[in-house]
Amino acid sequence: VSETSVKGFKSAFRMSVGPGVPFYSAYESPSEYHVAILTKGGSVLESVASDRFSLSLKTSGKGAVYVVVSDSPEGLERQILLAESLSPGKAMRMSRLWAKASRREIPRIRTGVLSSEDRADLEKTVRLVSDYVLAQQDEGGGILAGKNYHMAYVRDQYGNSRGLLAMGHLERARNLLDFYFRIWERHGCIHNAQPMGVDGAFHCHEDDNTEITGYLVVQAMDYFSQSSDNAFIDRIMPMLRWAVKVQQEDI
C-alpha cells in the first residue's frame, strides 16, 4: 500500500495484487488487479505506522471515500478520472434517478386484503428489496450473495432470479442466466460460486454436480414460464443439457 498524490482528492493510496495471490479464502487470483482508495472533503486516509497494510480514516465534517479497481494500471487511471468528476452529490442524484427508473418496471402488487398501513409497508419493502438486489447486479449479470460472500453463488442467485421474475425484471433474470452460460462456454463447468469481472476462478463446494446444476435447470424453466423466450433457451440449451448429464453421472 503506497501513498500518492492525485488531483482532486484530499488523500490517495494505491495497491497492486499480482496473479496467484489469494483473494478469497485459499483461492488464487488468476490475474493482476490494481486498487486506489481516494478521499474528498473532510475525509482523510493515513498510514498506520505499525502495519503497512492498514489505513486509518479520519473525518471532520462531510467527506467521501472512493474505491476504484481495474485489471490494469491504465484502466485504473481511467477509473480515477471518472471518480474525480463524480462528486458525492452527483453520485447520490444519479443513484436516486436510477432507483426511480428501475421501480417503474415493478408490476402492481395486489394488496386488497391488507389495511392501508400494511399495504404501504409492503410496497415500501418491495421497493427497497428491488433497489438492493438491482444495485448488487454486475454488468455481466451476476449478483453478489452478500457482504461476506463476494461472489455469485448459484444457490443464492436462484432466489434472486425468482425475486427478479416476481418484480417483472425479465431482462435482468435473463442476464443472470447468461452470466452462467458465458462462464460455461469458456470453462465447460459451473461451480458453487464464481466471481464477477474476474475470469477463471471458482469456489468449489459440496454437491456442485447435483444441487448446483439442478438450480440452473429450474432457474431456466422459471424464466421460460414467464417469458416464453424460446430463442434464449435454445441458446443456453447446451449448458442445460450438461447440467442434467452431470447430475446423472454423479449418482
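L38 has Y66 in β6 as its bridge partner. This is a predicted model, in which local features need pLDDT of at least 70 and side-chain atom pairs count only at pLDDT 80 or more, while totals for chains, interfaces and linings use all residues. Residues are numbered from 1 along each chain as its sequence is written, and side-chain values use heavy atoms, with hydrogens and water left out. Helices (H or I, at least four residues) and strands (E, at least two) are DSSP runs, numbered from the N terminus.

**The sheet**

- Four strands make an open, antiparallel sheet in the order β1-β2-β5-β6; two strands count as paired if DSSP finds at least two bridges between them.
- At the edges are β1 (2–4) and β6 (51–70), each of which pairs on one side only.
- Strands of a sheet pair through backbone hydrogen bonds, either parallel or antiparallel.
- β5 (residues 33–48) and β6 run antiparallel and are joined by 14 bridges, and a hairpin connects β5 to β6 through two residues.
- Further along this pair, V44 stands opposite K58 in β6.
- Helix α1 (residues 73–84) packs on the sheet and touches β2 (11–17), β5 and β6; contact means heavy atoms within 4.5 Å.
- The direction of α1 makes about 175° with that of β6, using lines fitted to C-alpha atoms, for helices over the stretch in contact, with angles from 0 to 180 degrees between N-to-C directions.

**The nonpolar cores**

- A nonpolar core is a set of buried (under 20% relative accessible area, 1.4 Å probe, protein chains only) Ala, Val, Leu, Ile, Met, Phe, Trp, Tyr and Cys residues joined through side-chain atoms within 4.5 Å.
- The largest core has 32 residues, and L164, Y180, I190, Y223, I236, M239 and W242 touch the most other members.
- Two or more residues of this core come from each of α3 (116–135), α4 (154–166), α5 (170–187), α6 (211–227) and α7 (230–249).
- Which residues does Y180 contact, leaving aside neighbours within four places in sequence? They are A152, Y153, V154, Q157, I190, Q194, L216 and M239.

- S228 is in the loop between α6 and α7.
- Although S228 is not a glycine, its phi is positive, at about 55°.
- Most residues other than glycine have a negative phi.

Conventions
Buried < 20%, exposed > 50% of the residue type's maximum accessible area, 1.4 Å probe, protein only.
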